[in-house]
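Here is a short briefing on charged side chains and one surface patch. Please keep the model open while reading.

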Amino acid sequence: MRSIALYILAYLLLAPAISAQATLGLKESGGPLVIRQGDTLKLAWAGGMHNPQIGNIDWDGDGILDLWVFEKIGQRLIPMIRDTATGNWVYKAGYRNAVQGLRFFALSVDWNGDGKMDVVGYRWDGLQVFINQAPPGQAALFSKPPLRCISQYGVALSGLFVPQDDIPALIDVDHDGDIDVLTFPLFGCLEWHKNLSMETYGIPDSTVFRLESEHWGYFTEGININNIQLNDSCSGLGGWPNPMHSGAGRALLAADFNADSLVDLVVSEGGSPNMAWLKNGGSLAQARMAELNTSFPSTFSGTAMLLNTFPAAYYADANSDGTPDLLVATAGTDSPADVMSSFMYPNFGTKSQPLFNGIPQPFLQSDMIDLGTGAYPAAADINGDGIADLVVGSSSQNGQTARLYVLLSNPDSSLSLLPLPGNDGSTLTNYDLIPSLGDIDNDGDLDLILGTQPGSILLIPNVGSNTQPLFSSTALVLVSDIGQTYASPELFDADSDGDLDLLVGGRDGRIAFYRNVGNASQAQFGTAETTFLGQIETVDPSVGSSGYSIPRIFYNLGVPELMVGSYRGTLSHYSTLFSSPGQFNSSFTLVTDRLGYADAGQRSAPAPIVLPGQVYPDVVLGGAAGGLFYYTGVAVDLGAAHYSQPTITVYPNPVRQGDKLNCKECPLKATWTLVSILGQDLLQGEGNEIPTDGLDSGLYVIKIQTNKGPILSRLVVFK
């Protein structure tokens, strides 16, 4: 009850106080063109990929299948729309929040047979299904709370469990019109969970199952796919399932690959660099795998895929020719294949008789800024043309140590992606290179400061000029050990004495302050004056025990303020940094912990950029998957979301996260929009029930569109 009271109190106090105050807001946008080796990256700012799970969906309701891409690193959607004029895939950030609460795996499938793709995802207590309720011709809309899949295990009912590191197969195994589930348990053989929708209700839209077989296909998995045994009853010594798998995850693709109406399988496993194809030689009632090939897709005239470790296969139309293609991507988060981790095999056959005899093509990722694992940008004009450039460090690349890149501005405002001149990071043999830029030696050009995973801070002097930067191959140690790992520096003259001081984030989520006790030409940093600057801590227990704070100073109408990245993937914004010139306040004011609702998925790393003529900075945001997002800075009236007393009531209010809101006074077909405290549209739907799944605790506004215009109601959500 205390949390409810706090939110109500904040609501009452905040509304009148901020009615005329403006601040920085963010809107995800296309960003400038990015050129790499003479080619324009069509998906430059889509955030990169590491473990994409790919399928089809019609995002915009135009009847043309688009791409569903769920990225496991950071648990985020990468919506892709087919541009029919050019044939290219286009990243559409507006659909990123279309489905809330996705984790580990999320696959598109037409669950209820209505011709629209729904979504099946992981849940700790059983699969969950998000139904696409879009009206004909309209954009995908998942407004209904997810349905939980329940299966009958013998005499007991339980959630239909799929391990979080696995990818299940979703297919109508017995051709009765509803979607069944094939999955491995924690140990044992392949389970067939039969969907009982048609048998029970006559329509394929329920989530009631029965464990129909504990050894579907009559094969055992072995230590890895190269040890699969056919015609095995899966009964080991003493009746225990035989054998236990390696525990590194399994991925399944089920399809009829030889037009005999029987479901065949593609199986892969963590630790194995290849995939196995198993041909079903049984019947609809009793599958029995009769043939095994461990170099799929060579069985279908394709080249065997070697993606270092744990590839996963998906079957979706990737070139809009009406035939599903084979898509292969890494499924393990620890895979060293992070720069090139997704490929397409065009299907020159049919859906049920595929032919993958073309050359496998890099898919989507090759059109993105993707530096491997992790991306940490810092912005400054290093070539003296008046436009901000970006120096970007990574966590690692293809399992090796980190690299350094630059996005260098061109006269036409495009950016060229290049290795950092003079030092690409390869000689540093460090992981997680987190940059900051400033003239540390007072020679008129910008030098590079790097935080490292072990906790040191390095100086890479610029031995070139302010128009032709060249960074030394030799690194000097500025701070040998900040006392924790993942040092994240930010250079800033905090005391206005003409030299640059250091703010340093780290794994504990706090920020340390190191005053420069040297001078503008010879920087010297001793011990930290504080390791808890502004009482900032970015740890969010709901996502992990580490904070990975990355501080960046920006100017809000001329006043220095702070944005902080975190493990959670969002941005926090702090103001009132100083009590007097050069003297930090003991505690900063938290403006919002969801700045502009920017979201990198995981390990957000911001770089504010002020372009000529701008009042508010843009923000380039790095993330754990190795890519970058671009957000345009906009002015936001903090009072924009606080409106006059509503004439329609929603209840309960306050509402607990996950509960439904009701609006009995609303017309049946009334359109509602859920609006953030900063005035940004978050969810939209129809009817008098409003879901709150996935919302954070805080203040919101419900905007209801009626035939007499919009009516607004305030809302408090608590956990």
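Buried means under 20% relative accessible area, exposed means over 50%, and partly exposed lies in between (1.4 Å probe, protein chains only). This is a predicted model: local features need pLDDT of at least 70, side-chain atom pairs count only at pLDDT 80 or more, and totals for chains, interfaces and linings use all residues. Residues are numbered from 1 along each chain as its sequence is written, and side-chain values use heavy atoms, with hydrogens and water left out.

**Salt bridges**

- A salt bridge is a side-chain nitrogen of Lys or Arg within 4 Å of a carboxyl oxygen of Asp or Glu. The whole structure holds 20 of them.
- Glu291 pairs with Lys279 at 3.6 Å, N to O. Glu291 sits in strand β24 (residues 289-296) and Lys279 in strand β23 (residues 275-280), 12 residues apart. Strands (E, at least two residues) and helices (H or I, at least four) are DSSP runs, numbered from the N terminus.
- Glu291 is partly exposed, at 40% relative accessible area. Lys279 is partly exposed too, at 25%.
- Arg96 bridges to Glu28, with the closest N and O atoms 3.1 Å apart. Arg96 is in the loop between β8 (89-91) and β9 (106-109), while Glu28 is in strand β1 (residues 22-28), 68 residues apart. Both Arg96 and Glu28 are buried.
- Glu221 and Arg250 form a salt bridge, their closest N and O atoms 3.2 Å apart. Glu221 lies in the loop between β19 (219-220) and β20 (229-230) and Arg250 in strand β21 (residues 250-255), so this pair ties together parts 29 residues apart in sequence. Glu221 and Arg250 are buried.
- A network of salt bridges links Asp174, Asp176, Lys194 and Glu199.

- Asp264 belongs to strand β22 (residues 264-269).
- Asp264 is buried but has no salt bridge.
- The Asp264 side chain reaches the backbone nitrogen of Phe257 at 2.9 Å.
- Beyond its neighbours within four places in sequence, Asp264 contacts (heavy atoms within 4.5 Å) residues including Leu253, Trp277 and Lys279.

**Nonpolar surface patch**

- Tyr201, Ile203 and Val208 make a nonpolar surface patch of about 280 Å². Areas come from the Shrake-Rupley method with a 1.4 Å probe; for residues, only the protein chains shown count as cover.
- Patch residues have over 30% relative accessible area and no salt bridge; nonpolar side chains (Val, Leu, Ile, Met, Phe, Trp, Tyr) are joined within 5 Å, like charges within 9 Å.
- Val208 lies in strand β18 (residues 208-213). Val208 counts as partly exposed because its relative accessibility is 34%.

Note on methods:
Lys and Arg count as positive and Asp and Glu as negative; His and the chain ends are not counted. A polar contact is a pair of N or O atoms within 3.5 Å; within protein, one must be able to donate a hydrogen and the other to accept it, and residues adjacent in sequence count only if both atoms are side-chain atoms.
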